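Me: I have a structure open here and would like to talk through a few details with you. Can we start with the side chains?

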Amino acid sequence: MTNHLIQELGLDQNLATKYKSLQKEATKNNSPELNKKIKDTREKISQNTQKELNDFAKENPTLKKPKIENDEQELSR
């Protein structure tokens, strides 16, 4: 993850730094314990991002996902 992406997504800098560090360590040493730490950190980032998206959606109820009826109809054929 680039620093720009981390800032744009508003991710916790400490969590992002931990994830980058674990990824670097994983390239040197592939252990089940390390893979679990990476998975746990990735899950925490995902949970934080999902929470922020939900909060944003609640704060901006007028923003809606555009309907793509034509594409859905074509896929169902």
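Me: Where does Asp40 stand, buried or exposed or in between?
Reply: In this predicted model, Asp40 counts as partly exposed, because its relative accessibility of 40% falls between the 20% and 50% cut-offs.

Me: And which residue does Asp40 form a salt bridge with?
Reply: The partner is Lys36, and the closest N and O atoms of the two are 2.9 Å apart. Both residues belong to helix H3, where they sit 4 residues apart, about one turn of the helix. Lys36 itself is exposed, with a relative accessible area of 52%.

Me: Why would such side chains pair at all?
Reply: Side chains of opposite charge can pair when their charged atoms come close.

Me: How many salt bridges does the structure hold?
Reply: There are 3 salt bridges in the structure. One of them joins the side chains of Glu33 and Lys37, at 3.8 Å from N to O, and another joins Asp55 and Lys51, at 2.9 Å from N to O.

Me: How far apart along the helix are Glu33 and Lys37?
Reply: They are 4 residues apart in helix H3, which spans residues 32-59, so about one helical turn separates them. Glu33 is exposed, with a relative accessible area of 55%, whereas Lys37 counts as partly exposed at 41% relative accessibility.

Me: What about Asp55 and Lys51, where do they lie?
Reply: Asp55 and Lys51 both lie in helix H3 as well, 4 residues apart, about one turn of the helix. Asp55 counts as partly exposed, at 29% relative accessibility.

Me: Switching to H2, which of its residues are buried?
Reply: In H2, the buried residues are Leu15, Ala16, Tyr19, Leu22 and Ala26. They lie on the same side of H2, because the arc they cover around the axis is only 125 degrees. On the other side of H2, the exposed residues are Asn14, Lys24, Thr27 and Lys28.

Me: And what span does H2 reach?
Reply: H2 takes in residues 13-28, 16 residues, and reaches 23 Å from its first C-alpha to its last, which is close to the 22 Å expected at 1.5 Å a residue.

Me: Zooming out, how many helices and strands does the chain have?
Reply: The protein chain has 4 helices and 0 strands, and its elements run α-α-α-α from the N terminus on.

Me: What share of the residues counts as buried, then?
Reply: Of the 77 residues of the protein chain, 14% count as buried. The chain exposes about 6900 Å², and 50% of that area is supplied by carbon and sulfur atoms.

Definitions and conventions:
Residues are numbered from 1 along each chain as its sequence is written. This is a predicted model: local features need pLDDT of at least 70, side-chain atom pairs count only at pLDDT 80 or more; totals for chains, interfaces and linings use all residues. Side-chain values use heavy atoms; hydrogens and water are left out. Helices (H or I, at least four residues) and strands (E, at least two) are DSSP runs, numbered from the N terminus. The expected span of a helix is 1.5 Å times one less than its number of residues. Buried means under 20% relative accessible area, exposed over 50%, partly exposed in between (1.4 Å probe, protein chains only). The arc is that of the directions from the helix axis to the C-beta atoms. Accessible areas come from the Shrake-Rupley method with a 1.4 Å probe; for residues, only the protein chains shown count as cover. A salt bridge is a side-chain nitrogen of Lys or Arg within 4 Å of a carboxyl oxygen of Asp or Glu.
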